[in-house]
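I opened this entry to record what I looked up in the structure, with the cut-offs noted beside the terms.

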Amino acid sequence: MPYLTESDAIRNAIDHFSHFPILWLDTEVADYDSKTPRLSLIQILADSTDLTGERVTILDVLDQPDLTDYFITKIMLVDRIEKVFHNASYDCKFLGGKGQVKKITCTLELAKKVPYYIAPLPNYQLKTLAECLCHFPAIDKSEQGGNWGKRPLTAAQLEYAQKDPVYTAQIHHRLLQLSHLITPDPAGENLERLTNRYWEIYQQWKILDTEMEHLKERLKSAMIKQEAAEINGFSVSYQNRTSKKVKLAELAKVVYLSGQDSQISLSLTNDLLKELGDLAQGLTIEETRQKISQLTIKQSEADLR
């Protein structure tokens, strides 16, 4: 595991990694819970077959913005290099900004697209995904909140830092496998099998869904009556909702008297058109058409299954 602290060595490593088509990356941040967090480490893995972290390179860029800028220019802003992070939006804040960096893949976002029934994950933390999807043994994340602004770094910190790109790479590969499973080509789908599976689970879902809705209504009523603000993860909140209405004639008068060429457009709902009646015939109405698809299920047929 190369741990680089010298400026020339770090620049040479960045040049080296700039030739790879894909990199699995992570960062460690000093003072992360303050108003002035500082980028401490950049960890890079170019070989996803590495399961130990031996091929992970760690760049120590603490308080060296010129080296960070060089990494951004040579890696983060280059469109031909895919950069894979977990929770990429956080790392990218320190590596060029979300709106500037190119070709970013986020395993956190990929994991959120996997339906719960396929991967019933308790959360989307890197540790959870590595253990549940990739079957890594229990991962110790205690160093995550360590002091990354202090030098020298401890052996435990360096060992922790070298592992996260490994976990990210393996999670990435596993999520790509799952994405092929959950997004098959619609043209090749077996409609008979899909509909049979639907009817197979429909009754069970109907029972659970209606019970869940009933339980929520009972909970809400009971908590309000018993003045229980929160219990076992459930809470009742209140908000005042204000609706504002104005008579159309008054609105038109205000716009007319303002003398301004107003370009305000109003959406004409069916109810509004009904109230306007024949008056709508004298309006220049712009229509936007949109084709909407909807799956319809015959209730009577469902009940027979």
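I take buried to mean under 20% relative accessible area, exposed over 50%, and partly exposed in between, with a 1.4 Å probe and protein chains only. Helices (H or I, at least four residues) and strands (E, at least two) are DSSP runs, numbered from the N terminus. I note that this is a predicted model, in which local features need pLDDT of at least 70 and side-chain atom pairs count only at pLDDT 80 or more, whereas totals for chains, interfaces and linings use all residues. Residues are numbered from 1 along each chain as its sequence is written, and side-chain values use heavy atoms, with hydrogens and water left out.

The C-alpha trace spans about 80 × 65 × 55 Å along the principal axes.

I then turned to helix α2, residues 65-76, and listed its buried residues as L67, T68, F71, I72, I75 and M76. Seen down the axis of α2, these fall within an arc of 145 degrees (from the directions from the helix axis to the C-beta atoms), so they line one face of the helix.

Last, I checked D164, which lies in helix α6, residues 155-182. D164 is buried, with a relative accessible area of 4%. Leaving aside residues up to four places away in sequence, D164 touches D26, E28, L126 and K141, a contact being heavy atoms within 4.5 Å.
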